[in-house]
Each structure stands twice: as structure tokens, then as C-alpha cells.
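Hi,

Here is the structure I said I would pass on. Have a look at it first, and my notes follow below.

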Amino acid sequence: MEGDQALKPISPFVFLSEEIIFTILDCLDEDPQTKKSFSLVCKSFHSIESHHRKSLKPLYIELISRILNRYPQIHHVDFTYCPRAEDEVLVSISSAYRSTLRSINLSRSRFFTHVGLSSLAGKCWGLVELDLSNATELTDAQAAAIAEAKNLEKLWMARCKLVSDMGVGCIAVGCKKLRLICLKWCVRVTDLGVGLIARKCKDIQSLDLSYLLITEKCLAPILQLQQLKELILVECPGIDDEGIRTLKEGCKSLEVLNISKCHNISNVGLFSLINGAERLSHLSLAYGSAVTADFAKCLYKLSGLKSIKLDGCLVTFSTMKAIGDWCVSLKELSLCKCSGVTDEGISYIAQRLVLLQKLDITCCQKITYASIDSITKSCTTLTSLRMEACSMVPEEAIVLIGQRCQSLEEMDITDNNINDAGLESILRCSELVSLKLGVCLNITDCRLSSVGVYCQKLKELDLYRCMAITDVGITAIANGCPALEMINMAYCDQVTDCSLICLSQCLQLKALEIRGCPCVSSVGLSAIATNCKQLTVLDIKKCCNIDDTGMVSLARCSQYLKQINLSYCPVTDVGLLALASISRMQNMTILHVTGLTSNGILAALLAFRGLMKVKLHISFKSLIPRSVFSVMEHRGCTFHWRNKAFQVETDPKGWLLHLPRHEG
């Protein structure tokens with residue numbers, strides 16, 4: 001017996017200090033399942049992992065007391081999966097982590113009041129980040145409770161539509177260390193509340209006031225903030241040229257300015273806003289006033305600009321010339337859906353912006369071969385090129401991209417004239433991470449197969465309505481791109497289970513879109529579910545051969561699934577009820593699933609514990625008892641009723657997308 005004990009193997013971890021084991025656990029942070037497995041090895045590992053963990057993302061609010069007892073050193077709590085977080089929970093959190101808690105995310109949670117917030121703010125003296133976005137029922141009393149968090153540095157309150165100047169004023173007085181505050185869509189906040197923030201919180205670096213009815217009255221104190229780096233004023237209709245003109249000087253520390261959708265601010269107002277802002281590096285004027293020749297006056301003093309976004313604006317050659325003349329350091333330019341973009345303008349800026357890394361010319365339908373020729377000749381260090389629906393660009397121009405811009409990491413050529421020759425050229429871009437080829441009907445398996453050979457870093461591939469693609473091409477992608485995280489094969493009607501079985505080798509797959517693929521079945525989906533454990537988004541709408549068997553496989557293996565669309569599928573009550581065991585499921589679309597009954601839907605809804613959003617056909621609304629709605633709403637779930645008629649595929653090959661577009 002003594003000899004047997006002497007030969008008993010000793011774990012090497014016995015000789016390692018806790019600090020060294022903590023370092024090992026740091027390497028496992030991205031894979032929660034691996035860390036869970038580590039903790040189940042033995043009691044010692046269980047204890048070590050409990051003390052090492054710094055962040056929590058609970059699935060069920062009912063288990064919070066057990067979680068708090070196990071993990072004593074938590075810094076960050078994320079309630080993204082818990083739509084209902086009542087005061088009792090927040091009080092427990094604040095009591096357990098009063099000395100360690102630094103941030104908490106309540107952006108998807110509801111039903112807490114000023115009691116819970118007051119406990120967090122008052123007890124957790126180290127709290128520096130608080131996300132209350134989407135708290136549409138948050139009142140001034142609850143906002144006032146936040147003021148007790150004296151060390152708070154970052155606060156998000158987007159869509160807190162009941163909070164007024166009174167609540168914001170309390171926060172301004174109490175939280176003087178704020179460096180970031182987001183008041184986007186806080187529609188009751190006016191100049192008074194914003195002005196108090198600017199006057200009391202002198203360390204503000206980032207301020208988001210998008211969609212507020214504010215005027216130039218609050219801009220004066222804002223522009224005097226010495227540390228302000230980012231100012232976001234998307235769609236603030238109360239700010240106009242006349243008011244801005246009264247301002248003496250812009251903010252010298254400003255680096256990022258976003259005045260998108262501010263139709264009352266022209267080049268005149270912009271000039272006043274940026275006066276003295278010599279550090280400005282990012283400027284967004286998307287979907288605003290026309291950008292005319294006077295734009296040059298604004299750019300004259302902004303030679304250090306790194307990014308300009310003019311999406312949806314009317315631009316002229318004078319605009320393009322000004323950008324080319326004064327912004328030679330520009331690294332990012334977005335002209336998405338800009339009318340007025342021509343070959344002349346693109347060629348001019350391309351020759352001068354040789355440092356450009358990201359270019360978006362989506363829907364610039366006047367540009368031709370000449371533009372692509374100029375871009376690829378001069379901007380050879382491009383890492384991102386988006387040119388969806390540039391219908392006048394010929395196939396031979398696409399070839400130039402692969403020949404000259406081989407550093408590309410992201411490319412979007414959706415709905416363009418690209419054939420196998422163009423795709424063959426793009427294969428030289430071996431650093432590609434994202435490739436979008438949607439509605440490119442001339443792409444075949446031959447060259448798509450080569451993508452799997454030459455673009456092995458690919459993580460995102462969009463093949464929406466690429467009708468010529470079959471299992472041959474998808475198999476090559478699956479074999480050659482092991483890091484693939486997202487693939488869209490919607491309406492690729494020749495794809496079968498063979499493709500899904502091969503894609504199941506891509507263990508990092510997170511999003512799969514196969515709507516309108518009639519040849520795939522539960523066999524292929526089961527392979528995906530079994531092997532792709534990280535799958536979070538699944539669209540199987542109109543997959544007529546995916547039934548309950550597929551749902552059962554998802555329920556058994558895809559516990560990270562958050563969102564699913566199973567409209568028009570032959571799923572019955574059995575399949576839907578099986579999905580209810582997926583603990584992270586939050587968003588479901590269930591339209592025209594003829595195999596479902598009202599009782600089946602009723603049972604499934606009650607079985608889902610973390611559901612936040614459900615889309616159902618309106619015909620079920622009267623069949624589900626009001627008491628069930630009350631239970632679901634009590635859990636934090638919202639219903640979206642649709643009255644869409646049953647859709648029959650009238651254009652299965654997508655030809656209507658390519659008919660000549662006539663005006664009028």
C-alpha cells in the first residue's frame with residue numbers, strides 16, 4: 001500500500017503559485033467553456049477560478065445570489081442577458097462588490113428604480129462606468145440617484161426619454177468627474193441641462209447630444225471645455241448658422257465632430273464651429289446640407305484631418321478639389337450615396353490622397369473605369385474599399401483592384417459587374433478579412449474555390465443571391481478559411497446539406513444566413529449545431545426542409561444562440577418548445593410557420609426565460625391570453641406584431657434586381 005502511494009502521480013499545478021495560475025487563466029478569457037472546464041477539474045481549481053474571475057454576465061437573474069457567493073472579486077457586471085433587474089438584485093450586487101465593482105451594464109434591463117440605483121451609486125465607491133441606455137422608463141428621481149456616484153467617469157443614457165433637465169442637473173452636480181456622457185434621444189433635455197453638464201463637469205472628453213432640441217445657447221459652455229475631444233450632434237434641428245455665428249471661438253481640444261443630419265448647419269456654421277479646432281481629425285457631415293465650394297474655407301485650417309464622412313450629401317467637383325488640396329493626410333473618406341461624385345472628382349482626390357486607407361463610394365453610380373483606375377494607381381495602401389452598387393464600373397476595372405491594392409482587408413463589391421476574372425484578381429489580396437459579393441450573378445464555383453486557397457484569413461463572406469454558387473464553392477471556402485465567423489448564402493438555391501456539413505469545420509462560425517435555400521435540411525443544420533458551438537445568429541427563413549429535428553439539434557448544442565428567424569419553416573410546437581432550452585435566446589421571428597398552434601406558442605413563450613423580442617403574426621394576438629402577455633412583459637419581453645400576407649417567391653433567381661432602372 002505504501003508503495004502504491006509513493007507511485008501516485010502528483011499534479012504539476014501543486015508547485016505553481018496562484019499568481020502563475022492566474023496568468024494561465026488570463027489566456028482563457030475569450031473561451032468561457034474552457035474556463036468552466038478548468039474550474040471543474042478539482043476543488044482547488046474551482047476555488048482559484050472563482051477568485052480569478054473579474055467579470056460577470058449572468059444568464060438567469062434567479063441565480064444571482066449563488067453567483068455572488070462564488071465570485072468575490074468582480075469588477076464588471078453585464079446584465080445583457082437579463083431583461084429584468086429589480087432593485088433587490090442591484091442592492092445585492094452593491095453589497096457584495098462595494099469595494100471592487102467598477103462598471104455595470106443595464107442597457108438591456110428594466111424594472112429597477114431609484115432604490116437600486118441609489119444603492120449602486122452610494123455603496124460602490126469605485127464605480128466608474130454605468131450604462132443605462134434604453135431605460136425608457138427612467139425618471140428624474142432615478143437620475144438623481146446616480147448623482148451619488150461621485151467617482152463616475154462614463155455614463156450612457158441613450159433613449160432615457162423621461163429624464164429632463166432636473167435629472168441631468170442632479171447628475172452634473174454630483175458626478176463632477178464625468179469624462180463621457182451620452183444623452184442621445186433624451187428628448188426632454190434642453191439647453192439648461194446640457195449647459196449644467198458643461199459648467200459642472202469640466203473633465204468631459206466625449207459628449208453625445210444627438211436628437212436633442214438644443215440650440216446655440218448650450219454650445220458656448222460646451223466649446224469652452226478644455227478636455228473635450230468628441231462632440232456628437234446628430235440631427236439637432238435647433239442648431240443653425242445664425243446661432244452658431246454668435247459663438248466667439250470653437251473648441252481647441254476637439255478631435256471628433258459629428259453634425260450629421262443637421263440640415264440647418266451649412267458651411268457658414270461649420271466654419272464657426274471648427275474655428276480654432278486645430279486638432280480636429282474626424283469630421284462627419286453625413287446626410288446634411290449640400291457641401292459646396294465654400295467647404296474649402298473650412299478645410300483650409302484642418303490640414304490634420306484623418307477622416308471625413310459626407311454620406312448622402314450633395315457634393316461638387318469643387319468639394320472634391322478642396323478635400324484633395326487641403327486634406328493630404330486623410331486616411332478615411334466616405335462618399336456613400338453622395339450625388340455629384342464623378343470620375344473627375346474621384347481622380348483628383350485619388351492623386352493627392354496617397355495615404356488613404358479606407359474609401360467608401362457605395363452607390364456612386366456615375367463613376368466608371370476611370371475612377372477605379374485612379375484609385376488603384378495612387379491609393380495602393382488601401383485596407384478597406386466599399387463600392388456596392390457602382391453600376392457603371394465595368395468588369396475589367398475590378399481586375400485593377402487585385403493587381404494594385406493587395407493590402408485590402410475589407411472589400412464590398414455587392415451588386416457590381418464582377419465575373420470570375422475580376423474575382424481571380426482579387427485573390428491577390430491575401431489579407432482579406434471581409435469580402436461581400438452579394439448579387440454578383442456571374443461569380444461561379446471555379447474562382448470562389450480559389451478564395452478558400454488564397455484568402456485564408458477570411459472571417460466574413462457575403463454571397464447573398466449568388467445563384468451560380470453550389471456546394472463545390474462553399475466546400476472550398478470551408479476547407480480553406482477555418483477562421484470564418486459569418487457567411488451569408490441567402491437564396492443560393494443550389495446549396496445543399498453538403499455545404500453545411502463542410503462549414504461545420506469552421507469552429508468560429510457565429511452567424512449563418514441561409515434563408516431561401518430549399519435544398520438544405522435538418523441534417524446539415526444539425527452538423528452546424530453540433531460543431532459550431534459559438535453560433536449566435538441564425539436565419540433559416542423559407543428553408544422548407546428544416547423541421548423539428550433541426551430545432552432539437554440546436555437546443556442540444558447551440559447554447560450561445562441569441563437570434564433566430566424560422567419564418568415559413570415546417571417547424572411544429574415540438575421544435576419551438578425545444579428551442580426554449582437555449583438559455584441565451586433573446587430575439588425570435590416566427591411568421592407563417594403553419595405547423596405551430598396557439599397552444600404551442602403559448603407553452604414555448606412561457607418556457608423561454610431570457611426572451612426580449614418576439615415577432616409574431618397578428619393572427620395569434622387574440623388567441624394568446626392577456627395573462628401570458630403580462631408574464632412576458634414582466635420578464636422584460638416585447639412583442640412586435642406583423643400583418644404580412646404569406647409570400648410566394650415570385651423572383652427566385654433575382655433577375656428583377658438587374659432590370660434597367662427607369663426614372664419616374
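Let me start with Val520, which is buried, with a relative accessible area of 0%. Keep in mind while you look that this is a predicted model. Val520 sits in the loop between strand E19 (511-513) and helix H23 (522-531). Its C-alpha is 7.2 Å from that of Ile546, and the two residues are 26 apart in sequence.

Next, the salt bridges. The count comes to 16. One of them joins the side chains of Arg404 and Asp373, at 2.7 Å from N to O. Arg404 belongs to helix H18 and Asp373 to helix H17 (residues 369-378), so this pair ties together parts that are 31 residues apart in sequence. How covered are the two partners? Asp373 counts as buried because its relative accessibility is 16%, under the 20% cut-off. Arg404, at 27%, counts as partly exposed.

Another salt bridge is made by the side chains of Lys436 and Glu460, at 3.8 Å from N to O. This pair links distant parts of the chain, with Lys436 in strand E16 (residues 434-436) and Glu460 in strand E17 (residues 460-462), 24 residues apart. Lys436 is partly exposed at 24% relative accessibility, and Glu460 is partly exposed at 25%.

Then there is Glu485 with Lys510, where the closest N and O atoms of the salt bridge are 3.9 Å apart. Here too the pair links distant parts of the chain, 25 residues apart: Glu485 is in the loop between helix H21 (471-480) and strand E18 (486-488), and Lys510 is in the loop between helix H22 (497-503) and E19. Glu485 has a relative accessibility of 26% and counts as partly exposed; Lys510, with 28%, is partly exposed as well. Have a look at Lys321, Asp325 and Arg352 too, as they are linked in a network of salt bridges.

On to the backbone. Ala389 has a positive phi of about 60 degrees although it is not a glycine. You will find Ala389 in the loop between strand E14 (384-386) and helix H18 (395-404). Is Ala389 buried or exposed? With a relative accessible area of 10%, Ala389 is buried. The other one is Glu235, a non-glycine residue whose phi is positive, near 50 degrees. Glu235 is in the loop between strand E8 (230-232) and helix H12 (241-244), and at 35% relative accessibility it counts as partly exposed.

Which residues form the positive surface patch? They are Lys150, Lys176, Arg199, Lys200 and Lys202. Lys202 is found in the loop between helix H10 (191-200) and strand E7 (206-208). Lys202 counts as exposed because its relative accessibility is 52%, over the 50% cut-off.

Last, an annotation to check against the model. An unreviewed UniProt entry places a "transmembrane region" at residues 590-611. Over those residues, the chain in the model is 45% helix and 5% strand, and the end C-alpha atoms are 13 Å apart.

Cheers

Technical notes: Residues are numbered from 1 along each chain as its sequence is written. This is a predicted model: local features need pLDDT of at least 70, side-chain atom pairs count only at pLDDT 80 or more; totals for chains, interfaces and linings use all residues. Side-chain values use heavy atoms; hydrogens and water are left out. UniProt positions are given in the numbering used here, feature names are shortened, and annotations may be inferred rather than shown by experiment. Helices (H or I, at least four residues) and strands (E, at least two) are DSSP runs, numbered from the N terminus. Patches are made of residues with over 30% relative accessible area and no salt bridge: like charges are joined within 9 Å, nonpolar side chains (Val, Leu, Ile, Met, Phe, Trp, Tyr) within 5 Å. Accessible areas come from the Shrake-Rupley method with a 1.4 Å probe; for residues, only the protein chains shown count as cover. A salt bridge is a side-chain nitrogen of Lys or Arg within 4 Å of a carboxyl oxygen of Asp or Glu. Lys and Arg count as positive and Asp and Glu as negative; His and the chain ends are not counted. The place of a charge is taken as NZ of Lys, CZ of Arg, CG of Asp or CD of Glu. Buried means under 20% relative accessible area, exposed over 50%, partly exposed in between (1.4 Å probe, protein chains only).
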